[in-house]
Amino acid sequence: MGLSVRMLVAIAFVLTQLVHGALCWGKDGHYTVCKIAEGYFEEETVAAMKRLLPESADGDLAAFCSWPDEIKRLSQWQWTSVLHYVNTPEYRCNYEYCRDCHDSHKHKDWCVTGAIFNYTNQLMSASENSQSIVHYNMTEALMFLSHYMGDVHQPLHTGFLGDLGGNTIIVRWYNRKTNLHHVWDNMIIESALTTYYNSSLPLMIQVLQAKLTNGWSNDVPLWESCQLNQTACPNEYASESIDLACKYAYRNATPGTTLGDDYFLSRLPIVEKRLAQGGIRLATTLNRIFSAKPKLFRL
Ligand code: ADE
Ligand code: ZN
Ligand code: ZN
């Protein structure tokens, strides 16, 4: 056996890169989206969190928002792994549900926007028919909806099929070798934490919360609104994501590029805004679900 220690270290490194390459907003991104959402929950939503999450969680949704990433490689959950993203055909900077929302075997509705519609419907039907027997696991539905609402706001989760949302675009982030997808899931947030927030995620979340009540306060009602009074409108969020992917994520980030200060400083505001929008939209969606009156009592 001629495998040297160097070789083993190299293999271990490649394996971790592969594993990382396939993740979504990292843990920090999902935690941030769900923490921001919690601040906008109405009373009925707070009560629903206490009902649906394990008692030890004390209603803290954010602690569960990365769960779908933790389980997606287990064989019994592998069917969920295509639900974290949606791809557009090569170089198409627009998104269309019927054209794009399918898995690699063209089964329709199998993508992140289809999953958001599905889990929203499951939670709606359960909260409207509290007397009837519900066949779905509502705790799972809540965790999937909360996670996928974060994912659909990561621009490269609506990316080109040819490069798997930037996963096959190898770049350097400062002096570290990685891929473009991982830069948007993790590295921009990680660099922001060390550069501006003393490595404190709670501090970064506080700053985003302050921006929501000051700088972005006029935009929040627009972010909350959903066309045709729907409960959730993931199609709009995916359209925004591919537009941002084309204008900011893919731009000046061809294979082999070194991304540094210019890229970091110009893209961080996009990442911050997407985390905040994800949080606001998760909160309004859950508020619509859990404050929904039974159909009989609605005008
Ligand atoms: N795999 C294929 N496309 C992907 C995407 N857009 N995001 C994450 N993983 C993917
Ligand atoms: Zn995900
Ligand atoms: Zn990702």
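Buried means under 20% relative accessible area, exposed over 50%, and partly exposed in between, using a 1.4 Å probe and protein chains only. This is a predicted model, in which local features need pLDDT of at least 70 and side-chain atom pairs count only at pLDDT 80 or more, while totals for chains, interfaces and linings use all residues. Residues are numbered from 1 along each chain as its sequence is written, and side-chain values use heavy atoms, with hydrogens and water left out.

Start with Cys34. Cys34 is buried, at a relative accessible area of 0%. Its disulfide partner is Cys65, with the sulfur atoms 2.0 Å apart; a disulfide is a pair of cysteine sulfur atoms within 2.5 Å. Cys34 sits in helix 2 (residues 27-38), and Cys65 in the loop between helix 3 (43-52) and helix 4. Helices here are DSSP runs of H or I, at least four residues, and strands are runs of E, at least two, numbered from the N terminus.

Next, select Cys93 and Cys246. Their sulfur atoms are 2.1 Å apart, forming a disulfide. Cys93 is partly exposed at 39%, whereas Cys246 is buried at 13%.

Move to Cys101 and Cys111. A disulfide joins them, S to S 2.1 Å. The torsion about this S-S bond is about -105°, so the disulfide is left-handed.

Now pick Cys98. Cys98 is in no disulfide; the nearest cysteine sulfur, that of Cys101, is 9.0 Å away. Cys98 is exposed, at 76%.

Finish at Thr80, in the loop between helix 4 (67-71) and strand 1 (86-88). Which residues does Thr80 touch, not counting those up to four places away in sequence? Ile71, Lys72, Phe144 and Tyr148, where contact means heavy atoms within 4.5 Å.

Notes:
Chains lettered and ligands numbered in written order.
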